[in-house]
Amino acid sequence: MIKIAITGKIGSGKSTVSKIIRELGFKVFDSDKEVKKALTKEDLIYQIRKEFKSKIPDLIKRNTIDKAKLGEFVFSNPDELRKLEQIVHPKVWASKEKFFEKNCNEPAVFLDIPLLFEKKLQNKFDFIILTRVSQEVQKKRVLKRKNMTNAKFNHIRKTQIDSSGVEEKFVSLVINMEDDIKIVEKKVKNFLKKILNLKKELD
């Protein structure tokens, strides 16, 4: 089983690439989706209440976390973001291991991981796809999202490193997501043909 990471900054088109790959019949683990799912689990709600309730007014109502308030708080406080990650990430990575087990017979699986290089996870993958857009396009896309503000966007950007220094060493495919969608699809398909043929040669 080949493990392939899809990474890139917020608003750079990772979800679009994931959608293309799913439509081609491959399995994709969505880290952001798993984080949202984890935040509905009772044990995590308890831990987050214990850590953050006194710091964020009205954070939890009817046993539901206000994700917008939590996000705004932690992205403007790096130490608090690390505390949240220590609570949430073990649950997400447990889900990732189940994903690998469930799909162990697939020729290739994909993981959409926004903070791949920041968390130094690049060596855990056989190949890495990096999505990219200009800062102008990135900002325009992200600010259309619900509960997103300029301040929150700027805080999130600060948590995401410039990947240019790691491209040559680790990245297998860079996709400009400002290209026409048909060009993007062709790049993805050609890349998959290449790596899956390589696997056949090695088997």
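A residue counts as buried when its relative accessible area is under 20%, as exposed when over 50%, and as partly exposed in between, with a 1.4 Å probe and protein chains only. Phe117 is buried, because its relative accessible area is 6%.

The structure is a predicted model, in which local features need pLDDT of at least 70 and side-chain atom pairs count only at pLDDT 80 or more, while totals for chains, interfaces and linings use all residues. Residues are numbered from 1 along each chain as its sequence is written, and side-chain values use heavy atoms, with hydrogens and water left out.

## Helix packing

Helices (H or I, at least four residues) and strands (E, at least two) are DSSP runs numbered from the N terminus. Axes are lines fitted to C-alpha atoms, for helices over the stretch in contact, and angles run from 0 to 180 degrees between N-to-C directions.

| Helix pair | Angle between axes | Distance between axes |
|---|---|---|
| H3 (residues 42–52) and H5 (residues 78–102) | about 165 degrees | 11 Å |
| H6 (residues 135–142) and H7 (residues 150–159) | about 130 degrees | 10 Å |
| H4 (residues 67–75) and H5 | about 125 degrees | 6 Å |

Angles under 35 degrees count as roughly parallel, over 145 as roughly antiparallel, 65 to 115 as roughly perpendicular and the rest as oblique. H3 is therefore roughly antiparallel to H5. H6 is oblique to H7, and H4 is oblique to H5.

Contact means heavy atoms within 4.5 Å. By residue class, Ala, Val, Leu, Ile, Met, Phe, Trp, Tyr, Cys and Pro count as nonpolar, Asp, Glu, Lys and Arg as charged, and the others, Gly among them, as polar.

On the H3 side, the contact with H5 is made by Asp43, Leu44, Gln47, Ile48, Glu51 and Phe52, and H5 contributes Glu80, Lys83, Leu84, Ile87, Val88 and Lys91. This contact of H3 with H5 has 6 nonpolar, 1 polar and 5 charged residues.

H4 meets H5 through Leu70, Phe73, Val74 and Phe75, which face Pro78, Glu80, Leu81 and Leu84. The contact of H4 with H5 has 7 nonpolar residues, no polar ones and 1 charged.

Between H6 and H7, Gln135, Gln138, Lys139 and Val142 of H6 meet Asn150, Phe153 and Arg157 of H7. The classes in the contact of H6 with H7 are 2 nonpolar, 3 polar and 2 charged.

## Aromatic residues

Rings of Phe, Tyr and Trp (its six-membered ring) pair if their centres lie within 6.5 Å; planes under 30 degrees apart count as stacked, over 60 as edge-to-face and the rest as tilted. A search of the whole structure finds 6 aromatic pairs.

Phe26 and Phe110 form an edge-to-face pair, with 5.6 Å centre to centre and 75 degrees between the planes. This pair links distant parts of the chain, 84 residues apart: Phe26 lies in the loop between helix H1 (14–23) and strand S2 (27–30), and Phe110 in strand S5 (residues 108–112). Both Phe26 and Phe110 are buried.

Phe117 and Phe170 form a tilted pair, at 6.4 Å centre to centre and 45 degrees between the planes. Phe117 is in the loop between S5 and strand S6 (127–132), whereas Phe170 is in helix H8 (residues 167–170), 53 residues apart.

Phe29, Phe99 and Phe100 form one aromatic cluster.

Phe191 is located in helix H9 (residues 181–202) and counts as buried, at 8% relative accessibility. Leaving aside residues up to four places away in sequence, Phe191 touches Ile4, Phe127, Ile129, Ser172 and Leu173.
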